[in-house]
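User: I would like to go through a model with you. Could we begin with the overall layout and then turn to individual residues?

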Amino acid sequence: VFDASMHERVKSALELEGQLRCALERDELYVVYQPVVELDGRTLAGVEALVRWRHPERGEVQPGDFIGLAEECGLIDAIGDIVLAKACAQFSLWQSRWATVRRPAGG
């Protein structure tokens with residue numbers, strides 16, 4: 001049985017999908033970095049790259065509101081490519097600014 005609330009959910013999802021497609025074209029997705037710290041030595045082990053969406057009208061759209069939709073409509077690979085490219089560019093910038101990477105002995 002199809003009711004009005006189901007219609008609204010479908011309509012809302014389709015609208016958000018269209019907005020997400022536009023977001024990819026307009027470069028509205030950005031990446032934030034969460035440090036991964038080794039607790040025993042309190043050293044930085046790496047960073048986790050997390051995608052965020054700054055919508056021009058809705059403001060910040062929570063990942064939980066668009067990641068599942070991106071998976072359903074086939075946009076998740078494009079988002080993954082964007083995140084990977086941005087994270088690699090950021091890592092390259094960090095490397096050039098703070099080139100104090102420790103190399104293992106004999107390496």
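Predicted model: local features only at pLDDT ≥ 70, side-chain atom pairs only at ≥ 80, totals over all residues.

User: What does the secondary structure of the chain come to?
Analyst: The chain has three helices and three strands. Read from the N terminus, the order is α-β-β-β-α-α. The radius of gyration is 19 Å, well over the 13 Å that the globule rule gives for 107 residues, so the chain is more spread out than a compact globule.

User: What does the C-alpha trace span along its principal axes?
Analyst: The spans are about 65 × 30 × 25 Å.

User: And how much of the chain counts as buried?
Analyst: Of the 107 residues, 21% count as buried. The accessible surface comes to about 8,100 Å², and carbon and sulfur atoms account for 54% of that area.

User: Now the backbone. What is the phi of Asp-27?
Analyst: Asp-27 has a positive phi of about 60°, although it is not a glycine. Most residues other than glycine have a negative phi.

User: Where is Asp-27 found, and is it buried or exposed?
Analyst: Asp-27 sits in the loop that links helix H1 (4-26) to strand S1 (29-38). Its relative accessibility is 51%, and the cut-off for exposed is over 50%, so Asp-27 counts as exposed.

User: What about Arg-42?
Analyst: Arg-42 is not a glycine either, and its phi is positive, near 55°. This residue belongs to the loop between S1 and strand S2 (43-55). With a relative accessible area of 75%, Arg-42 is exposed.

User: Let us move to helix H2. Which of its residues are buried?
Analyst: In H2, which covers residues 63-73, the buried residues are Phe-66, Leu-69, Ala-70 and Cys-73. They cover an arc of only 105° around the axis, and therefore lie on the same side of H2.

User: Which residues are exposed on the other side of H2?
Analyst: Gly-64, Glu-71 and Glu-72 are exposed there.

User: And what do the buried residues of H2 pack against?
Analyst: Their packing partners are H1, S1, S2, strand S3 (59-61) and helix H3 (76-97).

User: What happens just after H2?
Analyst: Gly-74 follows there, with a positive phi of about 85°.

User: Finally, what share of the contacts between residues at least 6 apart in sequence joins residues at least 24 apart?
Analyst: That share is 50% in this chain.

How values were computed
Residues numbered from 1 in each chain as written. Heavy atoms only, no water. Helix = DSSP H or I, 4+ residues; strand = E, 2+ residues; numbered from the N terminus. Rg over C-alpha atoms; globule rule 2.2 N^0.38 Å. Buried < 20%, exposed > 50% of the residue type's maximum accessible area, 1.4 Å probe, protein only. Contact = heavy atoms within 4.5 Å. Areas by Shrake-Rupley, 256 points an atom, 1.4 Å probe, with all protein chains shown as cover. Arc of directions from axis to C-beta.
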